[in-house]
Amino acid sequence: MTTPITVVPDAARLGEAVAQRILDRVTAGSAIIGFPAGRSATPVAAALKQSGARLDGLQIVMMDEYVTRHGSRWELLDPNTPHSCIGWARRNLLAPLGLGPTSLLTPDPNQPEGFKQQILDRGGIDLFLLASGQGDGHVALNGPGTPRHAPTRVVELPESTRRDNMSTFPHLQSPADVPAHGVTIGTAELVELSHSAAMLLWGQNKAYAFDRITRADSYDPLWPATIVHDCRNALIYADEEAAQKSEREGVS
Ligand SMILES: N[C@@H]1[C@@H](O)[C@H](O)[C@@H](COP(=O)(O)O)O[C@@H]1O
């Protein structure tokens with residue numbers, strides 16, 4: 001495994017370390033940052049808010065969103081729904097950081113192939129923050145079995161991802177409460193469009209994900225979050241609970 005690992009004591013320190021990288025880029029001019037919705041990036045969002053910095057130059061790219069079919073078209077989940085990924089971005093990033101709607105880019109389920117060009121037009125993603133499904137290793141909504149070069153597209157969520165989403169959004173009581181489809185950036189674009197990437201793993205329930213990811217050297221379709229190894233300038237950030245540091249060697 002060649003992707004460097006940084007282990008910090010806890011989720012708050014992880015958030016501060018990653019937020020500092022974003023702040024450095026914003027200070028240098030502008031930053032286009034890819035975000036996952038859910039628990040993993042919440043400490044990063046909190047640390048950005050805590051910094052009190054002006055973040056006008058911050059552009060946020062959300063990697064996925066749940067969708068439902070209406071006739072021949074897909075509709076994004078209402079952002080006021082507590083498990084909406086766009087809603088997560090509005091609540092955790094846009095509102096607290098004082099950013100407007102033009103600071104947010106999300107894939108269009110009816111034109112998913114356009115997402116790549118929209119990102120290219122902005123010069124690519126400076127830093128793509130990645131999360132791993134705790135039980136099935138999904139990344140964005142690319143579930144187990146996703147080929148390495150999958151494009152941005154609408155996918156049907158497997159039961160394993162819907163179960164993981166119940167931990168991410170605890171108000172979801174059963175897999176049936178989780179929407180059956182989502183639009184997601186593809187594994188191809190995660191690699192091609194990011195100048196750097198950071199996998200965020202914190203808490204005991206990400207210990208297995210840490211293990212699966214750090215045992216791999218490159219993309220393993222059975223655990224799609226291993227895509228981090230194929231990304232340029234990639235880093236894994238973990239807290240001690242996820243890394244179970246005392247039991248490992250070679251982790252700094
Ligand atoms: N749609 C989101 C993904 O974007 C995110 O990567 C994942 C991880 O969530 P958590 O960080 O809570 O484990 O949850 C959901 O599936």
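**Notebook: one protein chain**

I counted 8 helices and 11 strands in the protein chain. Helices (H or I, at least four residues) and strands (E, at least two) are DSSP runs, numbered from the N terminus. This is a predicted model, where local features need pLDDT of at least 70, side-chain atom pairs count only at pLDDT 80 or more, and totals for chains, interfaces and linings use all residues. Residues are numbered from 1 along each chain as its sequence is written, and side-chain values use heavy atoms, with hydrogens and water left out.

**Entry: overall form**

I looked up the spans of the C-alpha trace. Along its principal axes they are about 55 × 40 × 35 Å. Next I took the radius of gyration, which is 17 Å for the protein chain. A compact globule of 252 residues would have a value near 18 Å, so the two agree. The radius is taken over C-alpha atoms, and the globule rule is 2.2 Å times the number of residues to the power 0.38.

**Entry: inside and surface**

How much of the protein chain is buried? Buried residues make up 56% of its 252 residues. Buried means under 20% relative accessible area, exposed over 50%, and partly exposed in between (1.4 Å probe, protein chains only). The accessible surface comes to about 10800 Å². Carbon and sulfur atoms hold 48% of that surface. These areas come from the Shrake-Rupley method with a 1.4 Å probe; for residues, only the protein chains shown count as cover.

I then checked contacts, meaning heavy atoms within 4.5 Å. Among contacts with a separation of 6 or more, 77% join residues 24 or more positions apart.

**Entry: Leu-48**

I picked Leu-48, which lies in helix α2 (residues 42–51). Leu-48 counts as buried because its relative accessibility is 1%. What does Leu-48 touch, not counting residues up to four places away in sequence? I listed Ala-19, Ile-22, Leu-23, Phe-35, Leu-55, Leu-58, Leu-93 and Leu-97. I followed up on Leu-93. Leu-48 and Leu-93 are 45 residues apart in sequence, and their C-alpha atoms are 8.5 Å apart in space.

**Entry: cysteines**

A disulfide is a covalent bond between the sulfur atoms of two cysteines. My test was a pair of cysteine sulfur atoms within 2.5 Å. The count came to 0 disulfides. Cys-85 is in none, and its nearest cysteine sulfur, in Cys-231, is 19 Å away. Cys-85 counts as buried at 5%, and Cys-231 counts as buried at 8%.
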